[in-house]
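Please consult the sequence and the coordinates alongside the text.

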Amino acid sequence: MPKIIVEVMPKEVLLDPAGKSVNNALHRSGHNDITAVRIGKRIELHFDRPVTDADLAEAQKIGENFLSNAVIEDVVSVTVQN
Amino acid sequence: MTFKIGVVTFPGTLDDRDAQRAVRLAGGEAVALWHADENLHKVDAVVLPGGFSYGDYLRCGAIAAQAPVMDSIIKAANGGLPVLGICNGFQVLVESHLLPGGLIRNENQHFICRDQTLVVENIDTPWTNQFTQNQEIVIPLKNGEGGYIATEETLKRLEGEGLIAFRYKDVNPNGSMHDIAGLRNERGNVVGLMPHPEHAVEAGFGPDMPGTMRSGVDGLKFFTSVLNSLVNA
């Protein structure tokens, strides 16, 4: 199935409480080489036809305006899987 | 003349009935507004109540900001309609770009529920005109994602233009930058805050006050303020 994959991450400078909790749990189970965990979102936009460049440009806009909030998050990638 | 205050219900809204009750106790007529209906039914002001609209999917308030009723509210707010966003309603205002910044998970990662002291720092709005400048009030706070953040530039503007309407006193419960509990827009008609005035409107059901249990009614003044502003409009 053709799809566009949008990945959103909390901004680097922000505390990511969920990532911090997971990191703490990993340390408790002995994974001490892992220094930090950050958790973001992967959002798939599905199509029943091949994805075009126009779709990709639109997905970039949707990513920046709706799927992420620029104050707290960054869109780190928008990719196509046809 | 009785003024009509609309209270919006989104799927997942929790405090709409409490907000309607607060409107009635203040002397107004509460009008239920529905997320899927863009008709504001000629209300004189709007309250966006607390809860978990659309399950807080994507981000708190993000999906609600796209609801049909919000198209009308954003337009009306830009035209001067008084709008109050409480808790999730504040998040909806931020996601609708009616107020700047964002709200993230509480710094200590806990859901916080407590009677919170605030300082009212701006009384030049339809929602705060019955307070005195720098009045300390106590109303309940209950949120998991109430940490206010904004860019340095935005914070500087908020401080410089006096747009911080409420600040946390004694305890900053959620890690909000500059102890920000609530904001107003430039025009003053749009106000948002994380704590819940609608839960402090009737003696016997409000926060504990010194010497008297559950007697706090500081929240009622938000609603009498807006009715007062409509009388004088």
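Two residues are in contact if their C-beta atoms, placed from the backbone, lie within 7 Å. The model is a predicted one: local features need pLDDT of at least 70, side-chain atom pairs count only at pLDDT 80 or more, and totals for chains, interfaces and linings use all residues. Residues are numbered from 1 along each chain as its sequence is written, while chains are lettered from A and ligands numbered from 1 in the order in which they are written.

**Overall form of chain B**

- Chain B has five helices and eleven strands; helices (H or I, at least four residues) and strands (E, at least two) are DSSP runs, numbered from the N terminus.
- The radius of gyration of chain B is 16 Å, which agrees with the value near 17 Å that a compact globule of 233 residues would have; the radius is taken over C-alpha atoms, and the globule rule is 2.2 Å times the number of residues to the power 0.38.
- The C-alpha trace of chain B spans about 40 × 40 × 35 Å along its principal axes.
- Of the 233 residues in chain B, 55% are buried. A residue is buried if 20 or more other C-beta atoms lie within 10 Å of its own, exposed if 12 or fewer, and partly exposed in between, with C-beta atoms placed from the backbone.
- Among contacts in chain B between residues at least 6 apart in sequence, 73% join residues at least 24 apart.

**The sheet of chain B**

- Strands β4 (residues 83-86) and β11 (residues 190-193) of chain B run parallel and are joined by four bridges. G85(B) stands opposite G192(B) in β11(B).

**Helix α1 of chain B**

- In helix α1 (residues 16-26) of chain B, the buried residues are D16(B), D18(B), A19(B), Q20(B), A22(B), V23(B) and A26(B).
- These buried residues of α1(B) pack against β1 (4-9), β2, β3 (45-48) and α5 (220-231) of chain B.
- R17(B) also lies in helix α1 of chain B, but R17(B) is partly exposed, with 15 other C-beta atoms within 10 Å.

**Positive phi outside glycine**

- N134(B), which is not a glycine, has a positive phi of about 65 degrees. N134(B) is placed in the loop between β6 (112-120) and β7 of chain B and counts as exposed, with 11 C-beta neighbours inside 10 Å.
- H178(B), a residue other than glycine, has a positive phi near 55 degrees. H178(B) is placed in the loop between β9 (164-168) and β10 (180-184) of chain B and counts as partly exposed, with 14 C-beta neighbours inside 10 Å.

**Chain A and the contact**

- The contact takes eleven residues from chain B and eight residues from chain A.
- On the side of chain B that touches chain A, four residues are nonpolar, three polar and four charged; Ala, Val, Leu, Ile, Met, Phe, Trp, Tyr, Cys and Pro count as nonpolar, Asp, Glu, Lys and Arg as charged, and the others, Gly among them, as polar.
- Just after α1(A), G30(A) takes a positive phi of about 90 degrees.

Key. Two strands pair if DSSP finds at least two bridges between them.
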